Amino acid sequence: MSDIISYHAADAVQKKTQHKRLTMRQIIQRALLITLGAILMSIGLEIFLVPNNVIDGGITGISIMLSYTTGWKLGIFIFLLNLPFFFVGYKQIGKTFAISTLYGIIILSISTSLLHPVSAFTQDILLASIFGGMILGVGIGIVIRYGGSLDGTEIMAILASKKLPFSVGEIVMFFNIFILGSAGFVFSWDRAMYSILAYFVAYKTMDVVIAGLDESKFVWIISDNFHDIGDAILHRLGRGVTYLTGEGAYSGDDKKVIFCVINRLEEAKLKDIVKEYDSSAFLAVGDIAEVRGGRFKKKDIH
């Protein structure tokens, strides 16, 4: 009997640890969006940045400089330099991520090769840096949002952070400073500065794409007038609220804590509501990367 129980327990654990397989619809959606993201990145590179000798960070930046010095196509270096990170990612990060990354890199390599003969959209280096960085950021953001990557730098940083006393973000930053600085020796120092500008624009655009335009915020409110404030948020903002019970560490008094999620356009109105009912209330507002489930969808306000 104990063997049967152990077997079922082990089977339950195995089911919990196994990842759920993607449906065919999810696979097709992911493939289409990764294709779109990779093509957008290739447009940003070959139509804006590369013809003006402006580079991106990471493995792509190294590939651009090698392509410039050797005369080989950019797509060849993008594929060859990222290939080792695919095998590392397959073993260390996961099969789905690794396959999505390999597919994205293949599309990126092919599309950059096909777009290489196309002339630059603009010869103005400032415009090329800004708009090339924006298109690049949109493409990378779409691929990351749907489970892939177009550059092995992040994989390298994740693995290196396990052995080095630095975070993933710090390792990526150090690596990119070195790459972007190297553009000054390969091209010129003004091109290195434009490359930093393009990288910054791409980074910020990528953040917007990954987080979404409808940025959400969480709110904690502690007030003796919690019931009035909660009702006002519910009826005037149309947002659901949750009452939590807390205890003051200094006073030992029981306190009611209001928790709710709003979008950034509602923040000012919520602050006015809190101030109206309790000007001395404790209020904390923070950013949320993603909201799913529950009753976050806004109710109609009559």
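Student: Which residues does S129 touch, not counting residues up to four places away in sequence?

Tutor: This is a predicted model, in which local features need pLDDT of at least 70 and side-chain atom pairs count only at pLDDT 80 or more, while totals for chains, interfaces and linings use all residues. Residues are numbered from 1 along each chain as its sequence is written, and side-chain values use heavy atoms, with hydrogens and water left out. Contact means heavy atoms within 4.5 Å, and with residues up to four places away in sequence set aside, S129 touches L49, V54, Y194, L197 and A198. S129 itself belongs to helix α6 (residues 125-145), where helices (H or I, at least four residues) and strands (E, at least two) are DSSP runs numbered from the N terminus.

Student: Why is S129 called buried?

Tutor: Buried means under 20% relative accessible area, exposed means over 50%, and partly exposed lies in between, with a 1.4 Å probe and protein chains only. S129 has 0% relative accessibility and therefore counts as buried.

Student: What makes I107 count as buried?

Tutor: The relative accessibility of I107 is 17%, so I107 counts as buried. I107 lies in helix α5 (residues 95-115) and touches T35, A38 and I39, leaving out residues up to four places away in sequence. I107 and L36 are 71 residues apart in sequence, and their C-alpha atoms are 9.2 Å apart in space.

Student: How do you know at what angle the axes of α10 and α11 cross?

Tutor: Axes are lines fitted to C-alpha atoms, for helices over the stretch in contact, and angles run from 0 to 180 degrees between N-to-C directions. For helix α10 (residues 226-237) and helix α11 (residues 267-277), the axes come within 10 Å and cross at roughly 145 degrees. The contact is made by D228, I229, A232, I233, R236 and L237 of α10 together with K269, L270, I273, V274, E276 and Y277 of α11.

Student: What classes of residue make the contact of α10 with α11?

Tutor: Ala, Val, Leu, Ile, Met, Phe, Trp, Tyr, Cys and Pro count as nonpolar, Asp, Glu, Lys and Arg as charged, and the others, Gly among them, as polar. By class, this contact has 8 nonpolar, no polar and 4 charged residues.

Student: What makes the pairing of R236 and E276 a salt bridge?

Tutor: A salt bridge is a side-chain nitrogen of Lys or Arg within 4 Å of a carboxyl oxygen of Asp or Glu. The side chains of R236 and E276 meet at 3.0 Å, N to O, in a salt bridge. This pair links helix α10, which holds R236, with helix α11, which holds E276, across 40 residues. R236 is partly exposed, because its relative accessible area is 32%.

Student: Why are E266 and R239 called buried?

Tutor: E266 has a relative accessible area of 8% and is therefore buried, and R239 is buried because its relative accessible area is 4%. E266 forms a salt bridge with R239, the closest N and O atoms being 2.9 Å apart.

Student: Why is D224 called exposed?

Tutor: D224 has 61% relative accessibility and so counts as exposed, whereas K255 is partly exposed because its relative accessible area is 32%. K255 forms a salt bridge with D224, with the closest N and O atoms 3.6 Å apart.
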